[in-house]
Amino acid sequence: MNWKKGGGDGGVSKRWAVLLCLGSFCLGLLFTNRMWTLPEATEIARPNQNDEDSSKVAAAGDCGSKKVQELQSYKDVLQGQDAHQDVQTLDKTIANLETELAAARTLQESLLNGSPVAEEFKVSESIGKRKYRMVIGINTAFSSRKRRDSIRYTWMPRGEQRKKLEEEKGVIIRFVIGHSAISGGIIDRAIEAEDRKHGDFMKIDHVEGYLALSGKTKTYFSTAVSLWDADFYVKVDDDVHVNIATLGQILSKHAWKPRVYIGCMKSGPVLSEKGVRYYEPEHWKFGEPGNKYFRHATGQLYAISKDLATYISINKHVLHQYINEDVSLGSWFLGIDAEHIDDRRLCCGTPPDCEWKAQAGNICAASFDWKCSGICNSEGRIWEVHNKCAEGDKALWNSTF
């Protein structure tokens with residue numbers, strides 16, 4: 001081939017030579033890409049591999065993909081659980097801060113109002129460092145000296161045993177009492193003398209009176225949560241028999257929950273007739289005559305978690321009080337995210353009911369007579385209940401609630 005500048009017969013010009021080179025180069029690239037494109041891993045055929053082996057390889061690939069998806073799903077679940085735990089931890093932290101704020105407010109109000117500061121408030125800073133399982137407040141009245149003594153000699157430890165219960169089991173027990181309309185009178189001095197002897201009273205800033213039980217309950221929880229850092233705060237009447245270890249075991253199952261309201265839940269009729277027991281002056285708020293109350297714990301014994309006690313303390317000035325204290329407490333939790341737990345071991349009957357249950361291994365946490373809203377003639381009969389239905393000292397001191 002002759003290379004001629006102008007082209008001619010039997011020759012190729014430089015322009016055509018360049019075009020032919022470019023065309024050959026492009027064809028070479030196309031041929032190379034088609035020949036060296038790698039197949040997918042699941043499509044690679046091994047030498048002498050039959051159809052059955054090929055299907056196994058494909059199945060293995062699918063299985064691997066499923067396992068990867070399952071692993072990713074499991075990771076997502078774990079991340080969700082971690083987030084839930086973080087939220088619960090944050091709730092607990094906020095509740096602790098609110099408790100400290102409520103305690104400071106309570107103490108400030110006492111100082112501003114000129115009320116005497118109880119000894120518990122003076123040492124509340126050191127007490128607050130200790131964590132307790134529960135605080136049991138026994139609602140009592142000025143005239144209930146015999147009832148208090150009957151409790152001291154049956155289910156409630158006395159003296160050094162009560163202090164041991166606080167130190168080893170984290171259980172605080174106090175009789176809750178207010179003051180008379182004329183503070184410092186003979187009735188108040190009688191309570192002071194009894195407290196010097198036993199040291200088991202919790203005095204609150206409240207004027208005693210049967211029709212003021214809702215206010216007393218509110219003040220009790222507000223004061224207790226400012227004095228002791230506990231998981232639960234219990235209110236019980238002074239004509240009810242209690243098995244402390246069984247109560248602690250029931251509550252400990254719910255200790256990780258932030259807002260818990262535990263008791264024997266009921267929904268009784270709203271009584272609109274004046275003069276009858278449990279008459280409801282605000283019956284018109286509950287609709288037509290014959291309607292029932294919302295679900296709430298019966299008043300003989302109930303327990304609330306620290307978050308709910310803190311809620312009461314912070315909002316005590318705006319929480320409405322019905323004439324019946326158990327209705328009032330239930331109404332305070334209607335508009336918030338509180339879990340209601342119905343446990344019938346908190347409202348057993350007196351013998352033979354609690355006795356039969358104890359023999360069957362189902363020990364009751366609280367026993368009383370429904371017809372009397374407590375143990376009938378409790379000053380004497382509580383001994384019978386204790387002898388037949390008590391869990392025993394070993395159950396209390398060997399418990400791990």
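**Figure 1. Strand S7 and its antiparallel neighbours.** Let's start with one bridge in this predicted model: Phe-232 has Ser-305 of S7 as its bridge partner. S4 and S7 run antiparallel and are joined by five bridges. S6 and S7 are antiparallel too, and here again five bridges join the strands. One place to look is Gly-263, whose bridge partner in S7 is Tyr-302. How many residues of S7 are buried? The count is 10 of the 10, so the strand is largely enclosed by the rest of the structure.

**Figure 2. The open sheet, strand by strand.** Seven strands form an open sheet with mixed pairing, in the order S3-S2-S1-S4-S7-S6-S8. Its edge strands are S3 (201-207) and S8 (339-342), each of which pairs on one side only. From one strand to the next, the twist averages 25°. For a parallel pair, look at S1 (residues 131-139) and S2 (residues 171-179), which share six bridges. Within this pair, Met-134 has Val-171 of S2 as its bridge partner.

**Figure 3. Two helices against the sheet.** Which strands does helix H8 lie across? They are S1, S2, S3, S4 and S7, and the helix runs at about 130° to S3. Helix H11 also packs on the sheet, where it touches S4, S6 (260-266) and S7. The direction of H11 makes about 40° with that of S7.

**Figure 4. The largest pocket.** If you like to begin with open space, this is the view for you. The largest pocket has a volume of about 1,000 Å³. Of the 38 residues that line it, those closest to its centre are Tyr-210, Leu-213, Arg-277, Tyr-278 and Ser-373. Helices H8 (213-227) and H11 (325-332), together with strands S4 (229-237) and S7 (296-305), each supply at least two lining residues. Which element gives the largest share of this lining? That is S7, with four residues. By class, the pocket lining divides into 14 nonpolar, 12 polar and 12 charged residues.

**Figure 5. The largest cavity.** Rolling a probe the size of a water molecule over the atoms shows where empty space is left. A search of the whole structure finds one cavity of 30 Å³ or more. About 60 Å³ of space lies in the largest cavity. Its lining is made up of Gly-137, Ile-138, Asn-139, Val-176, Leu-213, Lys-216, Thr-217, Tyr-220 and Lys-235. S1 and H8 are the elements that give two or more residues to this lining. H8 gives the most, with four residues. By class, the cavity lining holds four nonpolar, three polar and two charged residues.

**Figure 6. Thr-154 in its loop.** The last close-up settles on a single residue. Thr-154 lies in the loop between helix H5 (145-152) and helix H6 (159-169). Leaving aside neighbours within four places in sequence, Thr-154 is in contact with Ile-382, Trp-383 and His-386.

Conventions: Residues numbered from 1 in each chain as written. Predicted model: local features only at pLDDT ≥ 70, side-chain atom pairs only at ≥ 80, totals over all residues. Heavy atoms only, no water. 1 Å grid on protein atoms, 1.4 Å probe; cavity = no way out; pocket = protein on both sides within 12 Å on 5 of 7 lines; lining within 4 Å. Points joined across faces, edges and corners; volume = space filled by probe spheres on them. Nonpolar A, V, L, I, M, F, W, Y, C, P; charged D, E, K, R; others polar. Pairing = 2+ DSSP bridges. Axes fitted to C-alpha atoms, helices over the stretch in contact; angles between N-to-C directions. Contact = heavy atoms within 4.5 Å. Buried < 20%, exposed > 50% of the residue type's maximum accessible area, 1.4 Å probe, protein only.
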